[in-house]
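Let's take a walk through this structure together, going from the ligand to the sheet and then to the helices. Keep the 3D view open as you read.

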Amino acid sequence: MPRTAHTVTVRSLTKSFGDVQALRGLSFSAPPGAVTGLLGPNGSGKTTALRCLLGLARPASGRAEIGGRRYAALPDPSTAVGASLDATAAHPAWTGRRHLEIYRRAAGAPRRRTSEVLEEVGLTAAADRRIGGYSTGMRRRLDLATALLGDPGVLVLDEPGNGLDPAGTAWLRGFLRARADAGGTVLVSSHLLAEIGQTVDRVVVMDRGRACAEGPLAEVAGDRGLEAAFLDLTGATGAEVLR
Ligand SMILES: Nc1ncnc2c1ncn2[C@@H]1O[C@H](COP(=O)(O)OP(=O)(O)OP(=O)(O)O)[C@@H](O)[C@H]1O
């Protein structure tokens with residue numbers, strides 16, 4: 001189970017794309033031992049924030065750190081943080097095992113990690129099938145397995161529940177819970193409120209590039225429930241939430 005887990009800290013992050021201010025002074029943290037949900041309407045900046053944290057985008061100002069270091073300054077990034085963003089490339093002609101082998105070598109992880117992560121995500125039986133024939137849920141599991149190769153203390157997942165069926169969703173919830181209970185730091189972005197409400201311990205609600213609420217789920221949701229709180233905080237419409 002996870003190595004030493006670090007706190008994720010984001011402070012006063014700004015980032016623009018032309019005229020679009022994607023991040024406007026975003027601050028939040030995600031501590032070890034908890035699943036933290038980064039929530040926000042479409043376009044509120046969740047993916048951009050995670051990309052800045054993972055060194056895939058450069059913020060104009062502010063800090064995004066894992067255990068007090070920028071991603072680029074981590075001595076061994078793959079053991080510190082595992083990530084799954086939507087864009088993970090998996091070649092359809094490769095088998096799941098081959099995909100993991102290539103990433104394992106790139107990460108410098110020991111050989112045994114390939115079979116360990118396959119087992120951890122429940123993909124052992126499908127390991128020697130081509131990825132092109134995988135279902136959405138199996139691809140999600142493969143993404144997660146790739147993120148776990150370095151046995152990282154911190155997991156950063158962008159919309160991990162997207163496209164999962166009820167059994168896959170229940171599995172993912174248990175998986176994230178187990179990581180956090182073992183002391184790991186888990187940060188997941190989502191706009192699926194019903195799902196996230198059952199998964200996370202803490203929430204950070206984003207609106208137009210800023211955090212407008214942060215704290216334990218029960219505190220942020222209050223008596224009115226997470227969806228009503230989210231609508232109040234972000235001014236999103238019901239239709240946007242459903243979408
Ligand atoms: N590479 C880019 N070029 C131009 N604009 C971008 C780029 N990446 C993000 N944006 C813009 O920045 C804003 C924030 O986008 P981002 O993808 O971070 O939001 P999000 O909260 O992850 O949205 P979603 O829930 O739809 O995935 C949006 O207005 C988006 O159009």
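Helices (H or I, at least four residues) and strands (E, at least two) are DSSP runs, numbered from the N terminus. What you have here is a predicted model, in which local features need pLDDT of at least 70, side-chain atom pairs count only at pLDDT 80 or more, and totals for chains, interfaces and linings use all residues. Residues are numbered from 1 along each chain as its sequence is written.

A residue counts as near it if its C-beta atom, placed from the backbone, lies within 6 Å. The shell consists of Phe17, Val20, Ala22, Gly40, Asn42, Gly43, Ser44, Gly45, Lys46, Thr47, Thr48 and His191.

Six strands form an open sheet of mixed pairing, in the order β5-β6-β7-β3-β8-β9, where two strands pair if DSSP finds at least two bridges between them. At the edges are β5 (81-84) and β9 (210-216), each pairing on one side only. Parallel to β5 runs β6 (residues 154-158), joined to β5 by four bridges; Ser84 has Leu157 as its bridge partner in β6.

The helix α1 returns here: α1 lies across β3 (34-39), β6, β7 (185-190) and β8 (202-207), running at about 145° to β6. Axes are lines fitted to C-alpha atoms, for helices over the stretch in contact, and angles run from 0 to 180 degrees between N-to-C directions. Residues are in contact if their C-beta atoms, placed from the backbone, lie within 7 Å.

Finally, look at α3 (residues 96-107). The axes of α3 and α4 (residues 112-120) come within 9 Å and cross at roughly 130°. The contact is made by Arg97, Leu100, Glu101 and Arg104 of α3 and Arg113, Thr114, Val117 and Leu118 of α4, and these residues divide into three nonpolar, one polar and four charged. With α5 (residues 136-148), the axis of α3 comes within 10 Å and crosses at roughly 25°. Gly96, His99, Leu100 and Tyr103 of α3 meet Leu142, Ala145 and Thr146 of α5, a contact with four nonpolar, three polar and no charged residues.

Definitions and conventions:
Two residues are in contact if their C-beta atoms, placed from the backbone, lie within 7 Å. Ala, Val, Leu, Ile, Met, Phe, Trp, Tyr, Cys and Pro count as nonpolar, Asp, Glu, Lys and Arg as charged, and the others, Gly among them, as polar.
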